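Keep the sequence and the coordinates open while reading.

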Amino acid sequence: MKPRLHCARLALFLCGCAAFLNLYATQSILQTFATQFQVSARTAGWSITVTTLAVAITAPFVSRLTGRFEQRTVISAAALLLAVPALMTAYADSFAEVLVWRFVEGMLIPVVFATSVAYIGDRWSGGTVTEVTSLYVAGTVLGGFAGRFVTGVMTEYVGWREAFELLAALSLMVGGFIQFLLPVSRARTKRVGNFWTGVFRKPLLAAYAVGFCVLFSQVAAFTYAGLYLGLPPFNLGPAALGTLYMVFLLALIVIPIAGRISKARPHAELLSVAAVLGISGSTLTLVPSLWCIVVGLALSSTGVFLAQAAANAFTAATARDNKAGVVGVYLTCYYLGGSCGAIVPALIWERWGWAGCVVLIIAFQVLTLLIALTGWKPAEPERGQAL
């Protein structure tokens, strides 16, 4: 039984990798896209926005489309299919084609994400949900870093098309491992009521707001930090910007530890710590020193991923019998936040630069802290064991 449990947790870690490997892959090469397709850097940012918008649009309907199928099959099939739009992006002849394939990618990503979160909620209970969700989120950290790093380094030394070919190969490899390692899900009890039953209860509304703020902060920070660091006096190229995302690896260590520590504690405590980390890190990036900016982004991104782990665990634990509906709405709010984080700061960037973007980011992080302190009062999680 123990080896099976370890395999399940490793597989869910890989599910996180699969979901985020392609999602933000263009973030470190926006300037390259702008030059290649003769568009502005602001327009190039739509290569991120269309993907997150597609996720937001698709997420509420994933469970209705895939609920009749066994969860492991759904997750691994979607992870494998993610290779197709990645490969087609590599062969795109225009920026419009890039956007089309990035949108298709965004339609597949929530199948992995939503089904993985539902799998965790169905297989575990109580505080164990927080622990296992933290492993899943740690996988999203590695996937998010790997996607950005691969495209950044490959673009500078080989080419951006070859970068997307490699991402396609990695998607196939990760999908294969998920199919091999993830145990078949147990038969799910038949849900009663319609899709929207219990979706808009007050604690869940607070969780949706947290999801929006979390991804808004993350996408805004790393999209416009990349543009900022590409300008004088820093002048970082695609490879250096891709390497910058190594700051995510701090979260890879912190999140599983935090998940174990907070296993028997209220989710709001983890969310409060996350918000304070984010605010501190964002403030530090205002210092005009590359090392201060890197450390600030490391703290900020760690706070974002901790908040994501807390929100995912809270959502899964609070959803009751309608996990599918709740997870779908949460993902829509989460990725709408990401879409807004890519395009809303553009006007501020043009007028006030990086400092103006940081003020906006901190405002959303403060809002996350206020939600944790006033609007998010979940019950104490119970200690749970794997079913």
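Four helices, α10 (202-229), α13 (267-284), α14 (290-318) and α16 (345-375), each contribute at least two residues to the lining of the largest cavity. Helices here are DSSP runs of H or I with at least four residues, numbered from the N terminus. A cavity is a set of points, on a 1 Å grid over the protein atoms alone, where a 1.4 Å probe fits but cannot get out, and lining residues have an atom within 4 Å of a point. Of the helices, α14 gives the most to this lining, with four residues.

The space in the largest cavity comes to about 80 Å³, a volume being the space filled by probe spheres set on grid points joined across faces, edges and corners. In total, the structure has five cavities of 30 Å³ or more.

The second largest cavity holds about 60 Å³ of space. It is lined by 13 residues, of which F20, Y24, L215, Q218 and F305 are the closest to its centre. Here α8 (127-157), α10 and α14 each supply at least two lining residues, and α8 has the largest share, four residues. The lining comprises eight nonpolar, four polar and one charged residues. Domain 1 (1-183) and domain 2 (198-378) each provide at least three residues of this lining, with domain bounds taken from an automatic or database domain assignment.

How many salt bridges does a search of the whole structure find? It finds one, where a salt bridge is a side-chain nitrogen of Lys or Arg within 4 Å of a carboxyl oxygen of Asp or Glu. The side chains of E105 and R102 form it, at 3.1 Å from N to O. Both residues lie in helix α7 (residues 95-123), and because they are three residues apart, about one helical turn separates them. E105 is buried at 0% relative accessibility, and R102 is also buried at 0%; buried means under 20% relative accessible area with a 1.4 Å probe, protein chains only.

Residues are numbered from 1 along each chain as its sequence is written, and side-chain values use heavy atoms, without hydrogens and water. In this predicted model, local features need pLDDT of at least 70 and side-chain atom pairs count only at pLDDT 80 or more, while totals for chains, interfaces and linings use all residues.

Definitions and conventions:
Buried < 20%, exposed > 50% of the residue type's maximum accessible area, 1.4 Å probe, protein only. 1 Å grid on protein atoms, 1.4 Å probe; cavity = no way out; pocket = protein on both sides within 12 Å on 5 of 7 lines; lining within 4 Å. Nonpolar A, V, L, I, M, F, W, Y, C, P; charged D, E, K, R; others polar.
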